[in-house]
2 protein chains.
Amino acid sequence: MDKINGLIQKVTVDYKDFPEHVNEVVEMKGIIHRIREMTGFAFVIIRTARDVVQCVYSPDFSDYRMDDKVVEGCAVKLTGKIVKDETREDRYEMQIHGIEVLSSPAEQMPIVINKKQLDNIPIDLNLNMRPVTLRNPKERAVFKIQEGIARGFREFLTSQNFTEIHTPKINAQGAEGGANIFKLDYFGKQVFLAQSPQFYKQMLVPVYERVFEIGPVFRAEHHDTSRHLNEYISMDFEMGFIESFYDIMNMETGALKYIVKLLKEEYAEEVALLNVNLPEINDIPVIKFMDAKDIIIKKYKKKITDFRDFEPEEEQILGKWAKQEFNSDFLFVTHYPSEKRPFYAMDDPADPEYTLSFDLLFRGIEITTGGQRIHDYNEQVKKMLSRGMKIEDFEGYLMAHKYGMPPHGGLGLGLERITMHLLGFKNVRYASMFPRDINRVTP
Amino acid sequence: MDKINGLIQKVTVDYKDFPEHVNEVVEMKGIIHRIREMTGFAFVIIRTARDVVQCVYSPDFSDYRMDDKVVEGCAVKLTGKIVKDETREDRYEMQIHGIEVLSSPAEQMPIVINKKQLDNIPIDLNLNMRPVTLRNPKERAVFKIQEGIARGFREFLTSQNFTEIHTPKINAQGAEGGANIFKLDYFGKQVFLAQSPQFYKQMLVPVYERVFEIGPVFRAEHHDTSRHLNEYISMDFEMGFIESFYDIMNMETGALKYIVKLLKEEYAEEVALLNVNLPEINDIPVIKFMDAKDIIIKKYKKKITDFRDFEPEEEQILGKWAKQEFNSDFLFVTHYPSEKRPFYAMDDPADPEYTLSFDLLFRGIEITTGGQRIHDYNEQVKKMLSRGMKIEDFEGYLMAHKYGMPPHGGLGLGLERITMHLLGFKNVRYASMFPRDINRVTP
């Protein structure tokens, strides 16, 4: 009888280990990314999980004879000798001795994906052909960076004794209100897709004190903009026993520093390939919402029409100001007006027109919204009633408050949005593997 | 101007650090879990993020005078002296010097959650009051164990060069077919909630070679059983360049061993509290589907009515057999009949009535389904047509095959299901924080 022992055997060699195998004959598996026929020899560029490796075919040292079965898109097992690449510093290549074709494409690519980047491919074509365009090294590097951001968030919070949670995406109520919510027929009942894990992460504060979730949320945005997705990955945390909402900003700052460090250390190839301008995070300045408006008026001579929120242009101005004054890519803006914040936001006891909340601007664009929440049952009910909400619809949520909740707060970051701004994309769709917008649910 | 430096200050002491602070006066924050009035003193049991800590109030050493504001459910900051608990070995307690009440409940609990376990509480009441019942130490320990399982899966696969992905939950087609799919109106178009990330993880094999995802999936099961949830967390991986589907079984076995090790090392308190019977995983035996049927017939004298799949009772028999014959809690069953496997399953070239697939049984219950997938475009199209499927509905998915895919395979595990069986629950709802079933979408 066969037995499975869980030992994972690896006979092939990864590119990063090539320097240890110079002049040895080794095996490598990968996909033929590109073939460049030269006079008397050929470059066979192999795409592996994380690298693009130059291999050289020549009848001089290959036992195998290249034929028309060896084409771009084939999965292959190569045998060959590792040598230093004489033309490029610190690069290695393989002299191909043998090629075994493991699988073959049915057709050749209709678009060119094996150049350095996807030049001249319109965004719609890129997204329509995502299973193919993601094979481009720069495209796939975007989502390695994205993996690093989510991983950094998780690893940092885990080190701070947060518990990772998974909360339901089928909900009986929306957490954020408004019309941008997807409705669903659930065995004859109308239910909703989660706009955020807000209710659940708060409910779990009296259970685990500190919780976080990285998972999908759904917003039925009716606008077709370059900044919105209808489904995105939200990174959320909520923490109990805070002294003030400054604890939340400190936790986020710690997480961001950790993420940048992780990207530098473990995603250096992708950072280099995409030429990512990683921020240096030192101390992040903090300014109150109304003081920020004041600076926009006095220093930048702008006329303000809305004192309840910022226009995108105003956020840009604040981003420039933070860079000039403090050499900081980040700026915390605090004490947003109560009427523009959700019903669970805690008002500032010193001035209840404003909340104990913040946004984090990164290079002049909002990437986080967070703040302290109401923990007292009567205070929460009062605020909900003042907004015309029906208490009986929120029985489960309010149960947490009724039977005791510590002072707490938290925040949410959109993973695609932070990826977009870190990589300097103009359209958030480039930061989603398979974006969902008002016109797109495929592939 | 304020600056946020990301330094997280901690002035309180966790229970696990009590031994280092004996006879010192320290601070601790937590929720009053239980008050037991004794003659002349009181036990004040504090629930922290992961512990339940015994504190003693006595006018002899407390500056503070307990009053009726100090009630169960209050969030408090305690000051007190750490001492050894003379009545229990290796336990420490705090002699309370002072209590600061940080927040108070509006009402006292309508049910008792501060006993060792939630005795005599019917499952519906437990689930209706989830924000409260999860505060019970045993209940919350279930989801720490669940965190450990997911974390182990992730950490092991990350160490094996898998890339973590997030795939869309709003899909244009179902991946698994059948009627158990939720429909959704998406700006006037009918779309579906993901039954599994199957298509997407396969599409990403030519991009990253190895990918995994831990995320929600949705099944519109019309049956109200103890084994099914309508929304659950699926742990999936897919790996390219496999030599055979044995590579997948080895990878899973490696992951399971890692998970058990992690639970032993980092979740020991919860393992002890719930009295978890962790499996010893050595070599896992493998048997072919038809050989397993044979054993059931010959050794256990059962009459088989269905040769396309197992009855739950037959899986139980196989579980017993694996334990008796091999002292193994696990058993891989391979080569399931083709007609009961999905259209993307690769048929066995030696006998196309069967597939290169497997289930993993854990103590006689199926916890994983996996196998090798078809990578050749023409072969995949042929199998889909033979099942009456419309090729044009799967254009995006088949693009991956058309332009070249390595041999590959993968698997999926339901996180709640594995938690349920590890903890010996009779109902999967106990393994979901906020379960969704045909009758339940709240809280």
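Biologist: Which residue in β1(B) stands opposite I284(A)?

Modeller: This is a predicted model, in which local features need pLDDT of at least 70 and side-chain atom pairs count only at pLDDT 80 or more, while totals for chains, interfaces and linings use all residues. Residues are numbered from 1 along each chain as its sequence is written, chains are lettered from A and ligands numbered from 1 in the order in which they are written, and side-chain values use heavy atoms, with hydrogens and water left out. Strand β13 (residues 284-288) of chain A and strand β1 (residues 3-4) of chain B pair in the antiparallel sense over two bridges, where strands (E, at least two residues) and helices (H or I, at least four) are DSSP runs numbered from the N terminus, and two strands pair if DSSP finds at least two bridges between them. The residue that stands opposite I284(A) is I4(B).

Biologist: Which strands are at the edges of the sheet that holds this pair?

Modeller: Nine strands with mixed pairing make an open sheet in the order β7(A)-β11(A)-β12(A)-β19(A)-β18(A)-β17(A)-β14(A)-β13(A)-β1(B). An edge strand here pairs on one side only, and this holds for β7 (163-164) of chain A and β1 of chain B.

Biologist: Which residue in β19(A) is the bridge partner of Q372(A)?

Modeller: Within chain A, strand β18 (residues 365-373) and strand β19 (residues 408-414) run antiparallel to each other and are paired over six bridges. The bridge partner of Q372(A) is G409(A).

Biologist: What is the area buried between chain A and chain B?

Modeller: Each chain brings 121 residues to the contact, a contact being heavy atoms within 4.5 Å. On the side of chain A, I4(A), F187(A) and Y403(A) lose the most area to chain B, together 9% of what that side buries. Buried area is the accessible area (1.4 Å probe) that two parts lose on being put together, summed over both. Carbon and sulfur atoms give 64% of the total, which is about 9900 Å².

Biologist: Which residue of chain A meets K29(B) in a salt bridge?

Modeller: The rule finds four salt bridges across the interface, each being a side-chain nitrogen of Lys or Arg within 4 Å of a carboxyl oxygen of Asp or Glu. In one of them, at 2.9 Å from N to O, the side chain of K29(B) meets that of E243(A).

Biologist: Is F241(A) buried or exposed?

Modeller: F241(A) is found in the loop between β12 (231-240) and α6 (246-266) of chain A, and has a positive phi of about 60° although it is not a glycine. Most residues other than glycine have a negative phi. Buried means under 20% relative accessible area and exposed over 50%, with partly exposed in between (1.4 Å probe, protein chains only). Because its relative accessibility is 8%, F241(A) counts as buried.

Biologist: And is K301(A) buried or exposed?

Modeller: K301(A) also has a positive phi, of about 50°, and its place is in the loop between α8 (289-298) and α9 (312-326) of chain A. Because its relative accessible area is 69%, K301(A) is exposed.

Biologist: What is the omega of the cis peptide bond that joins T442(A) and P443(A)?

Modeller: P443(A) lies in the segment after α12 (415-423) of chain A. Most peptide bonds are trans. For the cis bond between T442(A) and P443(A), omega is about -10°.

Biologist: Which residue in β10(B) stands opposite D185(B)?

Modeller: Strand β9 (residues 183-186) of chain B has L184(B) and Y186(B) on a covered face, with K183(B) and D185(B) on an uncovered one. β9(B) and β10(B) form a hairpin with two residues between them, and F187(B) in the turn has a positive phi of about 50°. Four bridges join β9(B) to the antiparallel strand β10 (residues 189-193), and the residue opposite D185(B) is Q190(B).

Biologist: Which side chain does a polar contact of 2.7 Å join to that of T167(B)?

Modeller: T167(B) lies in the loop between β7 (163-164) and β8 (170-171) of chain B and is buried, with a relative accessible area of 3%. Among the residues that T167(B) touches, not counting those up to four places away in sequence, are E231(A) and Y200(B). A polar contact is a pair of N or O atoms within 3.5 Å; within protein, one must be able to donate a hydrogen and the other to accept it, and residues adjacent in sequence count only if both atoms are side-chain atoms. The side chain joined to T167(B) at 2.7 Å is that of E213(B).
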